[in-house]
Amino acid sequence: MNEVKAVYHTAGSNDVVAAYAEKSFSVFNFAKVVGPFFVEDNLPNTAAFFHKVQKDAAFVTDSAKDYFKRPRPYVADPSLANGKLEKSFSYPSGHSTESMVLALVLAEIFPEKRDEIIAHARSMGWHRVQIARHYPSDIYAGRVFAQAIAQELNKNPDFQRDLAKVKAELAAQTASHN
């Protein structure tokens, strides 16, 4: 709790704004890392694929939250309550898990941008500590959980088939922008 309070009280205004802007997010939040062509309207297969990936990750994460039932920091310390508050449990972080699953899959498509993609997902998770929605351990658990989810997804032949379609769509889009 002391770390949450310290992070919350020292968070920069840009990070706080980013955290609230990321309340609802998709793979297209990674556009500033991937490139300006990475726009939902131009990539219907990519949008549908990553929507399903994120939905699957959210389902698994919500099940874990309901199992562990860890109260959020602002429940334990109401002085941390700010903005619209979530009613779900804290552990593991859904934002950290989902953004990292998206990042791990996206990094398979753009391996040359892997480090920047992963860094962006880490930042999205950490923003949740900066607005006192999570403990740091919620974020770290989400990152590890995301790796397990991504590994399981990669074992699925339907996932691999759909991923190949997305890679083809993105290859065509990047070729048209070069």
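Are F49 and F159 buried or exposed? Both are buried, where buried means under 20% relative accessible area, exposed over 50% and partly exposed in between, with a 1.4 Å probe and protein chains only. The views below start with the whole chain and then turn to single sites.

This is a predicted model, in which local features need pLDDT of at least 70, side-chain atom pairs count only at pLDDT 80 or more, and totals for chains, interfaces and linings use all residues. Residues are numbered from 1 along each chain as its sequence is written, and side-chain values use heavy atoms, with hydrogens and water left out.

**View 1. The whole chain has 9 helices and 0 strands.** Helices (H or I, at least four residues) and strands (E, at least two) are DSSP runs, numbered from the N terminus. From that end on, the elements run α-α-α-α-α-α-α-α-α. The C-alpha trace spans about 50 × 35 × 25 Å along its principal axes. A compact globule of 178 residues would have a radius of gyration near 16 Å; the chain has 17 Å, which agrees. That radius is taken over C-alpha atoms, and the globule rule is 2.2 Å times the number of residues to the power 0.38. Buried residues make up 47% of the 178 residues. The chain exposes about 9,100 Å², and carbon and sulfur atoms supply 56% of this area. Accessible areas come from the Shrake-Rupley method with a 1.4 Å probe; for residues, only the protein chains shown count as cover. Contact means heavy atoms within 4.5 Å. Among contacts between residues at least 6 apart in sequence, 77% join residues at least 24 apart.

**View 2. Helix α8 covers residues 136-154.** Its 19 residues should span 27 Å at 1.5 Å a residue, and its end C-alpha atoms are 27 Å apart, which agrees. The expected span is 1.5 Å times one less than the number of residues. The buried residues of α8 are P136, D138, I139, A141, G142, R143, A146, I149, A150 and L153. What covers them includes α1 (2-10), α4 (44-68), α6 (94-109), α7 (114-130) and α9 (157-176). Q151 also belongs to helix α8. Q151 is exposed, with a relative accessible area of 52%.

View 3. Rings of Phe, Tyr and Trp (its six-membered ring) pair if their centres lie within 6.5 Å; planes under 30 degrees apart count as stacked, over 60 as edge-to-face and the rest as tilted. The count comes to 7 aromatic pairs. In one of them, F37 and F110 have ring centres 6.2 Å apart and planes at 55 degrees, so the pair is tilted. F37 is buried at 8% relative accessible area. F110 counts as buried too, at 6%. The rings of F49 and F159 have centres 5.3 Å apart and planes at 40 degrees, so this pair is also tilted. F49 is in helix α4 and F159 in helix α9, 110 residues apart.

**View 4. F110 takes part in a ring cluster.** Ring pairs link F28, F37, F38 and F110. The charged end of K113 sits over the ring of F110, 6.0 Å from its centre. A charge sits over a ring if NZ of Lys or CZ of Arg is within 6 Å of the ring centre and within 35 degrees of the ring normal.

**View 5. E98 is found in helix α6.** At 12% relative accessibility, E98 counts as buried. Leaving out residues up to four places away in sequence, E98 touches F25, Q54, A57 and A58. The C-alpha atoms of E98 and G125 are separated by 9.1 Å, and the two residues are 27 apart along the chain.

View 6. Most residues other than glycine have a negative phi, and most peptide bonds are trans. The peptide bond from Y91 to P92 is cis, with omega near -5 degrees. P92 is in the loop between α5 (73-76) and α6. K69 has a positive phi, near 50 degrees. K69 is in the loop between α4 and α5 and is partly exposed at 48% relative accessible area. A132 has a positive phi of about 60 degrees although it is not a glycine. A132 lies in the loop between α7 and α8 and counts as buried at 0% relative accessibility.
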